Amino acid sequence: MRKELAKNYFLNGCACSVAVALAFKDLVNIDEKELEKVALPFGGGFGRLRLTCGAVSGMGIIIGLLFAEPNGPAENKMAVYEMVQTVAKRFEERQKTIICKDLLEQAQVVAEVGGTPEERTPAYYQKRACASYCETAAEILEEFLKEKGVL
């Protein structure tokens, strides 16, 4: 299942945004390395600013790649925004927020803004719920894409 893929990507060192995006790489017409480059800045709540959760942003990246029409009509832009809002709302319903800082604090982790990321050790993964957030986001996106007839 895609939620397991997302979790495993995260547990193998990917940023949360990258982990979710890569779980859907087979659906998008973009090279895997390019997808990683596009998704990376959204990790850590947008570049470790602790804003929108990277797992949520990963869902938005895939929605954009699947549904956005470059230079398309305003209706397409609004449709894409509505899709992103739908999956974000579903994530928020399950996790109580889509804000990285708040998610980390719910897990009793100090939400440091900026700075150098901690080394990815077993202790790091044990104290963070980010792997489960990646799972949740991938599950929500998979359900949504089934509703849209993509899967």
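Predicted model: local features only at pLDDT ≥ 70, side-chain atom pairs only at ≥ 80, totals over all residues.
Hi everyone. The expected span of a helix is 1.5 Å times one less than its number of residues.

H9 has 18 residues, and from its first C-alpha to its last it reaches 26 Å, close to the 26 Å expected. How many of the 18 residues of H9 are buried? The count is 13, so H9 is largely enclosed by the rest of the structure. Just after the helix comes glycine 149, with a positive phi of about 80°.

Now let's pick out a residue inside H9, which covers residues 130–147: glutamate 135. Glutamate 135 is buried, yet it has no salt bridge. For glutamate 135, the nearest side chain of opposite charge is lysine 7, and that is 4.4 Å away. Leaving aside neighbours within four places in sequence, glutamate 135 is in contact with Lys3, Glu4 and Lys7.

On to the aromatic rings. The model has four aromatic pairs. In one of them, phenylalanine 91 and tyrosine 133 have ring centres 6.3 Å apart and planes at 65°, so this pair is edge-to-face. It links distant parts of the chain, with phenylalanine 91 in helix H6 and tyrosine 133 in H9, 42 residues apart. Are these two buried or exposed? Both phenylalanine 91 and tyrosine 133 are buried.

One last stop: Phe10, Tyr124 and Tyr125 form one aromatic cluster. Over the face of phenylalanine 10 lies arginine 120, at 4.8 Å from the ring centre.

Methods. Residues numbered from 1 in each chain as written. Heavy atoms only, no water. Helix = DSSP H or I, 4+ residues; strand = E, 2+ residues; numbered from the N terminus. Buried < 20%, exposed > 50% of the residue type's maximum accessible area, 1.4 Å probe, protein only. Lys, Arg positive; Asp, Glu negative; His and termini not counted. Salt bridge = Lys/Arg side-chain N within 4 Å of Asp/Glu carboxyl O. Contact = heavy atoms within 4.5 Å. Phe/Tyr/Trp six-rings, centres within 6.5 Å; stacked < 30°, edge-to-face > 60°. Lys NZ or Arg CZ within 6 Å of the ring centre and 35° of its normal.
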